[in-house]
Amino acid sequence: MIIMEIKEYKKYFKTIKKLLPIYGEKEKKFLADLDFTVNEYMSRNPSCTAWDIEQHFSSPQNVVAEYINALDTDYLTKHLKRTHMVRMAFYAVFVLLLCSFSIHTYLDYQAYLDFNNAIPTSIEEIIEVEPETFTENEIY
């Protein structure tokens, strides 16, 4: 196979992996079996191209759709709920981190302003001179 075809072969499997809504043990086994089957097909047909592979095994979207249709509904529902919960937990942690960062930044800014207000930037000093009383003898 040509290098470009190897890249397309890897792209084919990467697309399938991205399209899978869940990725557990069954999905890993499915991908390993599909990889073995495609490699076997390629060894029997050394001049095959990525287009031939897609024609023989179907497009990545169809492969995933057929796999999902063949799955047990309870298994799929259970794993989709788990995936949803993990995503929601990730989003919650992200929002909490964002809020804590915002609060921390606000408090740092307030401390900066308080510090700048506590240090005088200019000092106004008034010197008052008391008028002295001179006698005429002292002036001369």
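**Helix packing and selected residues in a predicted model**

L19 counts as partly exposed, because its relative accessibility is 36% (buried means under 20% relative accessible area, exposed over 50%, and partly exposed in between, with a 1.4 Å probe and protein chains only). The structure is a predicted model, in which local features need pLDDT of at least 70 and side-chain atom pairs count only at pLDDT 80 or more, whereas totals for chains, interfaces and linings use all residues. Residues are numbered from 1 along each chain as its sequence is written, and side-chain values use heavy atoms, with hydrogens and water left out.

L19 belongs to helix α1 (residues 3-19); helices are DSSP runs of H or I with at least four residues, numbered from the N terminus. Apart from neighbours within four places in sequence, L19 contacts P60, Q61 and V64, contact meaning heavy atoms within 4.5 Å. The contact is formed by L34, T37, V38, Y41 and M42 of α2 together with D52, I53, H56 and F57 of α3. These residues comprise 6 nonpolar, 2 polar and 1 charged (Ala, Val, Leu, Ile, Met, Phe, Trp, Tyr, Cys and Pro count as nonpolar, Asp, Glu, Lys and Arg as charged, and the others, Gly among them, as polar).

E25 also lies in helix α2 and, at 63% relative accessibility, counts as exposed.

Note on methods
Helices (H or I, at least four residues) and strands (E, at least two) are DSSP runs, numbered from the N terminus.
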